[in-house]
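Trainee: Could we zoom in on one spot where two chains meet? I'd like to go through it slowly.

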Amino acid sequence: MFNLMRIESFKLKRFTPFYVSLLLVGFMMMVTLVKGLKPDAVAYWGYTCMHDGFVDGVQDCSLAFLFGMLIAWYVGIDFTERTIHRALTTGTKRWMIVVAKIMATSILTLIMHLLLILEDVIVYGRTFGFSLDGFVPRDLLWLGVVVLQLIAYNAFFVLISVICGNVYSALFACVAVSAICGNILRNFFAGFYVYEHSFFCFAKSSQNSDLIPCAICAIIALVILVAVTIVVFNKRDVAN
Amino acid sequence: MSEIILETRNLTKHYKNAVALDNVSITLKKNHIYGFIGENGAGKSTFMKVISGLILPTAGEYSLMGESPGNALDDKRKLVGTMIEDPYLFPKYTVRQNVELQRILVGNPDKMATDRVIEQVGLEENKNKKAKKLSMGMKQRLGLAMAMVGNPQFLILDEPINGLDPKNIVTLRNMLKQINKEKECTIFVSSHILSELYLLATDFIFIHKGRIIETVTHEELEEKCSQYIQLKDNNVPETVTILEKHFPDVVYKVEAGDVVKIYGKLEMKAELAKYLMEAGIVVSELSEKEQSLEEYFMTITGGKANV
């Protein structure tokens, strides 16, 4: 497992789509910094401090489709270029490959999400003044639950990519599913308890009423998704 | 008795309605070079993928170095080098990075092994070149370097000389012979270029439509390939009847132009001539000839009349 993670880390560092995505997020950050917050949005949501940027960023799912794309690309390319064969023919257990892929993609998406939070914090800080007022240790717990949700989210798209078995269909399926479930359904299922506490919606506050159901849902989903992915992969011929 | 590297028992693989492998039972012994011969779609790659752990058999079982599928076999797989169809290269990584990743994957602690195998396959001048920029011959050599970096005891190579020019074919052949000799490595290699396999292998396994139809040593094959009786006459159907009646064990093939080729039993020539004469058949040719490995392969897979 350690050797497998060394290889995944080597691949992560050289994963070009990740850097392109970082550039994209960096560009978005620059645009928002230049334009600043819209006054009507500030008035409507009642933003008052830099901490509101953290609140806004930590629950922001707007990069869902980008996450879906990165996961599909990272996992699917190994099937298309048949480099996954290398791990299989050298006796690496299939469950290890699944776990390593989830861990690797979770690092990718976590970096992207942290960057998004950082962007919001900087933009809000620039608008209201840089201050740590409002930040409490419980925010870390909130972030931890969101990280847990993000890992479950990754497990879901790793499963889709393993089922697809090649980068092209995985990209199509993951981007479509992530855009629908992570971006579009939010507009239709606003207020729907189950959906709002699933891993498609990151925890909306640091209150127990949000964190506990979100964490339970993420853990259950993660366990089920990892188990299903391992079963699917174990029964699958890798023969392309 | 030699140590057994691979043993399969009734290995079967079905794809929906198609049978890719049909009760394949073979035994590979240590330090031999096995040539795996079969036409396209015969089941060569499927068999290699099954024993490499890429695809799961529908039925049957196999053991690799004495271990059946499970945790112990997974450990043994680190001693198996594989190159099935194309080498599994990371195209954007350099030659060295590709081999180094494989070294880490097989858990070989010897860091020098990477550069050593690159040198062995003659890629040291290209070690910083990206894999996607290599020629086909270089890719095959890189694949071989990756297969060798774990100090394998068993090499599984599917069509390793595909796309290679004659010079590279000779280099690869010499390399494989050297690995076999120096490291006592068992090699299981398939190829369409039968004459090349003939120069490399010590044993041959013929597969046809998913079934093993013959397993012979190099010496046996040499004997079988060496000579046959070529008969040309004016009544082939009657000739076939005589062969079936008086020589039920012989392998023969009827070819265009009223030619019948009879394999293996040259001593029957005089007796056959007697039967033909008694039947009033006019024989225009009854001679002893030699056949190539290709001709032998055709005989046992397709052209044989009494199979």
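Trainee: Which residues in helix 1 of chain A meet which residues in helix 3 of chain B?

Mentor: Quick housekeeping before we dig in. Residues are numbered from 1 along each chain as its sequence is written, while chains are lettered from A and ligands numbered from 1 in the order in which they are written. This is a predicted model, where local features need pLDDT of at least 70, side-chain atom pairs count only at pLDDT 80 or more, and totals for chains, interfaces and linings use all residues.

Now to your spot. From helix 1 of chain A come Asn3(A), Arg6(A), Ile7(A) and Phe10(A), and they meet Leu101(B), Ile104(B) and Leu105(B) in helix 3 of chain B. Contact here is when C-beta atoms, placed from the backbone, lie within 7 Å; helices are DSSP runs (H or I, at least four residues), numbered from the N terminus. By class, that contact has five nonpolar, one polar and one charged residues. Nonpolar covers Ala, Val, Leu, Ile, Met, Phe, Trp, Tyr, Cys and Pro, charged covers Asp, Glu, Lys and Arg, and the others, Gly among them, are polar.

As for geometry, the axes of helix 1 (residues 2-13) of chain A and helix 3 of chain B come within 8 Å and cross at roughly 155°. Axes are lines fitted to C-alpha atoms, for helices over the stretch in contact, with angles from 0 to 180 degrees between N-to-C directions. That crossing makes helix 1 of chain A roughly antiparallel to helix 3 of chain B, a label for angles over 145 degrees.

Stepping back, 21 residues of chain B are in contact with 19 residues of chain A. Helix 3 of chain B gives the most to chain B's side, with five residues.

Methods: Two residues are in contact if their C-beta atoms, placed from the backbone, lie within 7 Å. Helices (H or I, at least four residues) and strands (E, at least two) are DSSP runs, numbered from the N terminus. Angles under 35 degrees count as roughly parallel, over 145 as roughly antiparallel, 65 to 115 as roughly perpendicular and the rest as oblique.
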